[in-house]
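Please read this briefing with the structure open beside it, and look up each residue as it is mentioned.

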Amino acid sequence: MSLDITTFYNVINNELTSTETTRHGINPANRQPNPPVPVSTAKDLDNAVRAAHAAFKIWSRTSFEERRTALNAFADLIEENKDPLASLLTREQGKPIAQSQMETSMALQWARTLTTLDLPETVVEETDERKVVQRYVPLGVVGAIVPWNYPLLLAVGKIVPSIYTGNAVIVKPSPFTPYCDLKIAELGTRCFPPGLLQALSGGDDLGPMMTEHPSIDKISFTGSSVTGRRVMASCAKTLKRVTLELGGNDPAILCDDIDVDVVVPKVGVLSFLCTGQICMMIKRLYIHENIYDEFRDKLVEFVRAFKMGEGNEPDVFIGPIQNEMQFEKAKNIFETIQQDALKPVLGGIIPESDGYFVPPAIIDNPPEASRVVQEEPFAPILPLLKWSSEIDVIDRANDTDMGLGASVWSKDLERAQRIASQLEAGNVWVNSHFDVLPNIPYGGHKASGIGVEWGVDGLKSYCNSQRLWLKKNL
Ligand code: NAD
């Protein structure tokens, strides 16, 4: 059955429902409204939570094998609908179709791989008298709060581990990008029992309603560090479990032994993918002084060649910024760049257009304290910074509240690893950046997050840890 991508509903207890009031997202490439979506109320949330608890009672007793079968059917449906989902993603998020196809493929890869992981019960101690078993039991109802930059992958990355570990899950998409998330929940009605996977679209009040709800057991949140703090404070009232995947301000350190022509295209893509709107894109590029000028000039030429435009135009690499708020923030950063007399060697001016388009900008060696270095711009704006001393560059790379990702680039693996091992971040790469896999845990240090998702450790975050003490002789 082909996927209808013209009408959008909440999914509550496997029924497609709408609400009295509706709203709509905006196609950021032309500012035209996308179709209407529900605006859920507290009553809709209560209904979903009730259905989720009923589903959880039964689902928590199923085996991993049964859950894997249902989730494989879900993955099959995502695969069958890859093309309409990718095209919908471009329409709601703005990213070029090739990047939407990449996100859809990643969502599928996550759906297929997470269920191949084992969460075994382990015998911690066994004697003639007793056996102690360590096991992981599901929590209950998970609230999955998703941002607008990777709505499909990040929703699937919460849905699959929730259900695989025996929980029920309610997905709340960002009001900016509700469409793909509602559709995948709709696909879920074909393979899961009622109440297991539900999705509610809403306004800005729906997230806080979920974090406050006394009968939701865990919040898995991906979004900004500012909101993450609010989520945690709110969850504390009901002692909900919480995983926070938050913002980043990733440094990449380039040593002077790299092959500039090989690294320029890699770093160029890893700094401007998704128009810079990825939590762990390269956001501060530290280039050794011996290669600084050559690298800067070649990077500028490489990035200048990126085609900007509506996501369905051929060969577009830079789509629009996703929403007006973020667009205004980018404009404001450019004003600061001007006021502080910083030196853009590319971009810096936003031309008039129908969409939220910001051409890529590269800023030449701004002061470390400038806003463009200190803040996560979440727009295609990259500061280049010069370094000469290893100790000094490590200190500068670490001198931030954020700790999501970081990378070191060098042909000398020993040197690269020495530097990498001193970087304060949850994900550290040598000679790459932004590598992620469903079987590898992922998460941030410092204000970039609490806990991890994915991998076996990620599965455990959807469970309570339990010790079963079995005394053999009564
Ligand atoms: P955001 O924090 O504004 O919103 C994220 C989600 O939280 C949305 O669904 C929003 O509706 C909801 N929300 C807003 N206020 C809430 C509240 N008080 N209580 C509960 N929910 C609330 O973030 P965004 O602008 O959608 O996303 C961009 C940010 O997300 C960036 O900082 C980026 O770095 C970060 N991000 C992090 C990761 C990661 O894995 N670490 C991945 C993607 C994005």
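A polar contact is a pair of N or O atoms within 3.5 Å; within protein, one of the two must be able to donate a hydrogen and the other to accept it, and residues adjacent in sequence count only if both atoms are side-chain atoms. This is a predicted model, in which local features need pLDDT of at least 70 and side-chain atom pairs count only at pLDDT 80 or more, while totals for chains, interfaces and linings use all residues. Residues are numbered from 1 along each chain as its sequence is written, and side-chain values use heavy atoms, with hydrogens and water left out.

**A buried asparagine**

- Asn81 is found in the loop between helix H2 (64–80) and helix H3 (82–93), where helices (H or I, at least four residues) and strands (E, at least two) are DSSP runs numbered from the N terminus.
- The side chain of Asn81 reaches the backbone oxygen of Leu77 at 2.8 Å.
- Asn81 counts as buried because its relative accessible area is 2%, the limits being under 20% for buried, over 50% for exposed and partly exposed in between (1.4 Å probe, protein chains only).

**Nonpolar cores**

- A nonpolar core is a set of buried Ala, Val, Leu, Ile, Met, Phe, Trp, Tyr and Cys residues joined through side-chain atoms within 4.5 Å.
- The largest nonpolar core has 112 residues, and those with the most contacts inside it are Phe74, Ile184, Leu285 and Phe295.
- Helix H5 (residues 151–164) gives the most to this core, with nine residues.
- Leaving aside residues up to four places away in sequence, Phe74 touches several others, including Ile159, Ile184 and Phe192, where contact means heavy atoms within 4.5 Å.
- A second, separate core of 30 residues includes Cys255, Phe327, Val358 and Ala420.

**Two open sheets**

- Two strands pair if DSSP finds at least two bridges between them.
- Three strands in the order E5-E6-E24 form an open sheet with antiparallel pairing, and its edge strands are E5 (122–126) and E24 (463–471), each pairing on one side only.
- E5 and E6 (residues 130–138) pair in the antiparallel sense over four bridges, and Thr122 stands opposite Gln134 in E6.
- Another open sheet has seven strands in the order E16-E17-E18-E13-E12-E20-E21, with mixed pairing.
- E16 (344–346) and E21 (427–430) stand at the edges, each with a single partner strand, so one side of each is left without a neighbour in the sheet.
- E12 (residues 250–254) and E20 (residues 405–409) pair in the parallel sense over three bridges, and the bridge partner of Leu254 in E20 is Trp409.
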